Amino acid sequence: MPLIRLAYASEATFEAKPLEKGVEPHVARILLVSRRNNGKVGLVGGLYYGDNRFFQYLEGEEEAVRDTYQRILQDPRHRNVRTLIEEPVAERSFTNWSMKYVPASADVQAFLQKHHLPEFNPSAFDSTQCEEMIDLIRRSSQDQKLVNYDEPVRSTSPAPQTLSPGLKAGLVVAAVGLVVALAVSATLL
């Protein structure tokens, strides 16, 4: 089956929680479900959420990408969904993960400054900016500047064994989301 890539922009329908609470709870739930579902069908992708907007990139078999995108179009947490890129690819450019989340970072702020953008609004990106954003996600995966619960971080020096308050809060939110998802799915069986 042929491979395709797809990037889209959307606006969040929910009111974001403050960043100091860790990963925004709605975004944490999106990541949890995306990682589970994408892994089952061999999709890879990257997600950035900022200024109440999403930029997401997906790669995989055409049918799986299109099915996933149809679910996103129906997801009430998204509105004003706009396809930015949709085209065939010869091979995958992202590997070993189902959904990466790039948190608000200096890299994204530098991207916005470079293009004189006052806020993160991927619906207004031109094709060059879309490719740069995809590359930013790709580079972030190489230098471990992002949240990734799918693979271990490889380090040459021992890491401290303490967690930041933001990471602890993010883990608690993810755990609560998982428990709620399991409870809901158990009632549906």
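Mentor: Buried means under 20% relative accessible area, exposed over 50% and partly exposed in between, with a 1.4 Å probe and protein chains only. Helices (H or I, at least four residues) and strands (E, at least two) are DSSP runs, numbered from the N terminus. The model is predicted: local features need pLDDT of at least 70, side-chain atom pairs count only at pLDDT 80 or more, and totals for chains, interfaces and linings use all residues. Residues are numbered from 1 along each chain as its sequence is written, and side-chain values use heavy atoms, without hydrogens and water.

Trainee: Which residues of α3 are buried, and within what arc do they fall?

Mentor: The buried ones in α3 are Val108, Phe111 and Leu112. The arc is taken from the directions from the helix axis to the C-beta atoms. Seen down the axis of α3, its buried residues line one face, because they fall within an arc of 95°.

Trainee: Which exposed residues does the face turned away carry?

Mentor: Look at the face of α3 turned away from its buried side. Its exposed residues are Ala106, Gln113 and Lys114.

Trainee: Which residue just after α3 takes a positive phi?

Mentor: The phi is about 55°. The residue just after α3 is histidine 116.

Trainee: Is valine 172 buried or exposed?

Mentor: Valine 172 lies in helix α5, residues 165-188. Its relative accessibility is 52%, so valine 172 counts as exposed.

Trainee: Which residues does phenylalanine 120 touch, leaving out those up to four places away in sequence?

Mentor: Contact means heavy atoms within 4.5 Å. On that basis, phenylalanine 120 touches Tyr48, Gly50, Asp51, Arg53, Phe54, Phe55, Val108, Leu112, Phe125 and Met133.
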